[in-house]
Amino acid sequence: MKEGQQSIYYITGESKAAVAASPFMEGLKKRGFEVLYLVDPIDEYMVQQLKDYDGKKLVSCTKEGLELDSTEDEKKKQEELKAKFEPLCKLVKDVLGDKIEKVVVSTRIDESPCVLVTSEHGWTANMERIMKAQALRDNSMTSYMMSKKTMEINPHNNIVAELRQKAEID
C-alpha cells in the first residue's frame, strides 16, 4: 500500500477488465492508492463479514461515503464546489425522482461525468447482479434488498459544467 494510505480499498465486479475500467478507479489511481480487485462471487460474501484486516478498514470503492485523504485546501475547494453545484444537484434529483435517493458532488471521479453508488450498508451493484442470477431467488426479497442509489456528479467534467450553466439560465 501507498505510505499513509489509511484504508484497504477494494472494488468488486464481474471481471478484472470491467473493474479496472470502472470510473470508480479514476480518483484512486490518480492519488496512487492501491486497490484490491475482487472478481469472484464469493468475494462479495467475504467482504460483508470481513470489515478490517491488520488494523486497516476495508472500504468499498462503489459505495457512498468514500473519504479519500485530502488536504485542508482540497477540502475547502470541495466545499466551494458543493455549494456552487447544489442547485444542479437539486434539479437532477427532481428530474430523476424516486430512481435515486440523492445527488451529490463527487470526490472519487476525475473524468467521467457521474457515477451511481450504493448506500454504505446496502448491497453493491455486483451483489445485486449475483442475487438476481440465483436460480431459486425470491422476487419480493430482491426488491426490498435492492439498495438506494446516490448519483455523484463530477464538477470538473465539461458536460456537468454545461448542465450547471443551463440550469442557472433555466
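**View 1. The second largest pocket of this predicted model has a volume of about 570 Å³.** A pocket here is an open set of points on a 1 Å grid over the protein atoms alone, where a 1.4 Å probe fits, with protein on both sides within 12 Å along at least five of seven lines. Grid points are joined across faces, edges and corners, and a volume is the space filled by probe spheres set on the points. Residues are numbered from 1 along each chain as its sequence is written. In this predicted model, local features need pLDDT of at least 70 and side-chain atom pairs count only at pLDDT 80 or more, while totals for chains, interfaces and linings use all residues; side-chain values use heavy atoms, without hydrogens and water.

**View 2. The lining of the second largest pocket consists of 23 residues.** Lining residues have an atom within 4 Å of a point. Nearest the centre lie Tyr10, Leu58, Ser60, Lys63 and Glu120. Strand 1 (7-12), helix 3 (41-49) and strand 4 (56-60) each give two or more residues, and strand 4 gives the most, with four. Helices (H or I, at least four residues) and strands (E, at least two) are DSSP runs, numbered from the N terminus.

**View 3. The largest pocket has a volume of about 1,000 Å³.** Of its 31 lining residues, Gln78, Val105, Ser106, Thr107 and Arg108 are the closest to the centre. Two or more residues come from each of helix 4 (72-96), strand 5 (102-105) and strand 7 (149-153). Helix 4 contributes the most to this lining, with nine residues.
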